[in-house]
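Biologist: I have a two-chain model open and would like to learn how to read it. Can we take the features in turn?

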Amino acid sequence: MNNTDRSILLIEDNPMDVDLTRRAFARRKVINPFQVARDGEEALAFLGKWEAGEALPVVILLDINLPKVNGLEILHQFKTHPLSQKVPVIILTTSDEDRDIQVAYEQGANSYIVKPVDFEKFVDVAAQIDLYWNVINIPPR
Amino acid sequence: MCDPIRPILLVEDNPMDVDLTKRAFARRKVVNPIEVARDGEEALDFFKQSEGRILLPIVILLDLKLPKVDGLEVLRYLKTHPRFHVVPVVVLSTSSEDSDIQVAYREGANSYIAKPVDFDRFIQVVDQMRIYWCILNKPPR
């Protein structure tokens with residue numbers, strides 16, 4: 001089962017990482033439209049769009065080191081909002097600090113993935129994320 | 001890469017599915033021990049008897065239709081428990097009904113997977129889960 005008509009929401013402030021993520025997914029022929037929020041404020045603005053009836057993303061990829069509003073705060077907001085509460089949120093970050101991992105799960109993260117620094121490895125990880133969340137996992141409507 | 005001594009907990013009453021899952025994992029040399037609970041009561045016992053002393057599973061694969069105590073109740077117990085709520089729970093179900101999917105996510109399931117009926121496909125899906133939850137995902141401590 002594919003959910004390729006639904007978007008993937010990427011919340012990431014580093015333009016290079018946004019670009020790398022897009023390229024890594026494109027390399028695997030992931031054809032879902034990408035939506036990008038570049039800081040916490042932009043991310044929270046999506047709540048308003050969903051309230052206005054815009055389709056929920058199939059999965060949210062969330063960096064936790066963000067300017068303006070911290071990623072873990074966004075996670076909390078998303079996971080306590082009736083609309084976005086059910087949408088899978090994958091933490092995709094360079095931090096492998098125990099504390100971040102623990103807090104992320106406490107706040108309801110569905111999964112926590114440490115971003116590889118090496119691009120080729122990142123392409124592999126992107127492929128696995130796509131395969132898991134876009135093909136075998138069934139997202140809520 | 002996750003801690004190889006922490007178990008994977010499989011909560012599944014169908015002996016054939018238990019066997020298939022174990023075999024799919026064994027084929028790939030998954031070193032984490034697989035603990036099996038054959039109904040909801042055994043699953044609850046796994047957590048209740050050992051109190052604070054158990055090694056937390058890196059992931060729980062939870063069938064929804066279980067004898068004695070059903071899967072949703074096990075999910076509720078885990079996701080409202082002060083220590084266990086952080087452990088990733090993948091719901092495995094034969095149902096792809098919207099209402100079942102919504103309820104599972106609302107109760108805090110990390111992922112929802114429809115069990116394939118076809119043997120080869122089943123092996124593929126289990127293999128994908130193994131890669132994702134045993135290699136890619138960082139579990140909480």
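Modeller: Start with contact, which here means heavy atoms within 4.5 Å. Keep in mind that this is a predicted model.

Biologist: How many residues does the contact take from chain A and from chain B?

Modeller: Chain A gives 29 residues and chain B gives 29 residues.

Biologist: How is the size of an interface given?

Modeller: Often as the accessible area lost when the parts come together. Here chain A and chain B bury about 2500 Å² between them. Carbon and sulfur atoms carry 54% of that area.

Biologist: Which residues of chain A lose the most area to chain B?

Modeller: Y105(A), Y132(A) and I138(A). Together they make up 26% of what the chain A side buries.

Biologist: Which elements of chain A each supply at least two residues to the side that touches chain B?

Modeller: α4 (98-106), β5 (111-114) and α5 (119-136). The largest share comes from α5(A), with eight residues. By class, the chain A side has 18 nonpolar, six polar and five charged residues.

Biologist: What about salt bridges over all chains?

Modeller: The count is 16. One pair is K115(A) with E12(A), where the closest N and O atoms lie 2.7 Å apart. This pair links distant parts of the chain, 103 residues apart. K115(A) sits in the loop between β5 and α5 of chain A, and E12(A) in the loop between β1 (8-11) and α1 (15-27).

Biologist: How are two packed helices described?

Modeller: By the angle between their axes and the distance between the axes. Take α2 (residues 40-51) and α3 (residues 71-80) of chain A: the angle is about 10 degrees, with the axes 10 Å apart. So α2(A) is roughly parallel to α3(A); the cut-off for that term is under 35 degrees.

Biologist: Which residues of α2(A) and α3(A) meet?

Modeller: From α2(A), G40(A), A43(A), L44(A), L47(A) and W50(A). From α3(A), I74(A), Q77(A) and F78(A). This contact has six nonpolar, two polar and no charged residues.

Conventions
Residues are numbered from 1 along each chain as its sequence is written. Chains are lettered from A and ligands numbered from 1 in the order in which they are written. This is a predicted model: local features need pLDDT of at least 70, side-chain atom pairs count only at pLDDT 80 or more; totals for chains, interfaces and linings use all residues. Side-chain values use heavy atoms; hydrogens and water are left out. Buried area is the accessible area (1.4 Å probe) that two parts lose on being put together, summed over both. Helices (H or I, at least four residues) and strands (E, at least two) are DSSP runs, numbered from the N terminus. Ala, Val, Leu, Ile, Met, Phe, Trp, Tyr, Cys and Pro count as nonpolar, Asp, Glu, Lys and Arg as charged, and the others, Gly among them, as polar. Axes are lines fitted to C-alpha atoms, for helices over the stretch in contact, and angles run from 0 to 180 degrees between N-to-C directions. Angles under 35 degrees count as roughly parallel, over 145 as roughly antiparallel, 65 to 115 as roughly perpendicular and the rest as oblique. A salt bridge is a side-chain nitrogen of Lys or Arg within 4 Å of a carboxyl oxygen of Asp or Glu.
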